[in-house]
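Please look over the sequence and the model shown here before reading on. The paragraphs after them go from the whole chain to single residues.

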Amino acid sequence: MACVDIIEHSSRFEIAGIIEQVYHNEKFMGKYTYIGTDNDILDLIHKGYQFLVTVGQIKSNPVRQDLFDKVRSNGGKLPSIISLQAYVSPFATIGDGTIIMHKAVVNAGSVIKDNCIINTGAIVEHGVKIGSHCHVSTGAILNGDVNVGENTFIGSRSMISHGVDIGEKSVIGGGINLFKNMPSETFIKAKTNIMDNSV
């Protein structure tokens, strides 16, 4: 629903219809027609539709990535979607299929790769690098020159300190204050403070 809200208020795109795993006769949000299932993606690509993957990240990232890869590998287009209420520097780079939600900030020199979610109120500071298929959740702060490996989830209201590297396939829970580098496949539960003793 949040993705629909952002697209509805965009001047670039209109919603042609909804795709689900199973076809529904009723309209989505009482407004949008279901135009097919995941099995119809190739046909819809040939008809010239563009796509945005709206599957969530936390428990279904493989599904999200598989859908993205299916569209892209078959020549489909996945434009980036940026809320009119967000700020994205003209000196930032946003990858295909990435959505930047309301009140998010993406500052100069940042690179956000493909199929990411930068959620409501998140701050991505200057020089941050975020790999493909990541989710930066509501109110999270990534300070300057942070590097986030692909397929990583950053929880709500987390703060990642300047220059920290987070390896791929990691989960940084909500409310974390992270001051040191983390290897790939790190899992940190919410409300834990991780600090390098040398800081």
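Predicted model: local features only at pLDDT ≥ 70, side-chain atom pairs only at ≥ 80, totals over all residues.

Residues are numbered from 1 along each chain as its sequence is written, and side-chain values use heavy atoms, with hydrogens and water left out.

The chain has three helices and 21 strands, where helices (H or I, at least four residues) and strands (E, at least two) are DSSP runs numbered from the N terminus. Its radius of gyration is 17 Å, close to the 16 Å that the globule rule gives for 199 residues, so the chain is as compact as a globular protein of that length; the radius is taken over C-alpha atoms, and the rule is 2.2 Å times the number of residues to the power 0.38. Along the principal axes, the C-alpha atoms fill a box of roughly 60 × 30 × 30 Å. Of the 199 residues, 46% are buried, a term that means under 20% relative accessible area, with exposed meaning over 50% and partly exposed in between (1.4 Å probe, protein chains only).

Five strands form an open sheet in the order β5-β8-β11-β14-β17, with parallel pairing; two strands count as paired if DSSP finds at least two bridges between them. The edges are taken by β5 (93-94) and β17 (165-166), and each of these has a single partner strand, so one side of each is left without a neighbour in the sheet. Further in, β8 (residues 111-112) and β11 (residues 129-130) run parallel and are joined by two bridges, with I112 standing opposite I130 of β11.

Both of these isoleucines also belong to the largest nonpolar core, which has 28 residues and in which I112, I118, I130, L142, I160 and L178 touch the most other members. Such a core is a set of buried Ala, Val, Leu, Ile, Met, Phe, Trp, Tyr and Cys residues joined through side-chain atoms within 4.5 Å. Apart from it lies another core, of 14 residues, including C3, F13, I18 and F28. In soluble globular proteins, nonpolar side chains tend to be buried together.

Which residues are linked in a network of salt bridges? They are R72, D96 and D114, a salt bridge being a side-chain nitrogen of Lys or Arg within 4 Å of a carboxyl oxygen of Asp or Glu. R72 meets D96 at 2.7 Å, N to O, and this pair links distant parts of the chain, with D96 in the loop between β5 and β6 (99-100) and R72 in helix α3 (residues 61-73), 24 residues apart. R72 also meets D114 at 2.8 Å, N to O; D114 lies in the loop between β8 and β9 (117-118), so the pair ties together parts that are 42 residues apart in sequence. D114 counts as buried because its relative accessibility is 15%, whereas R72 is partly exposed at 37%.
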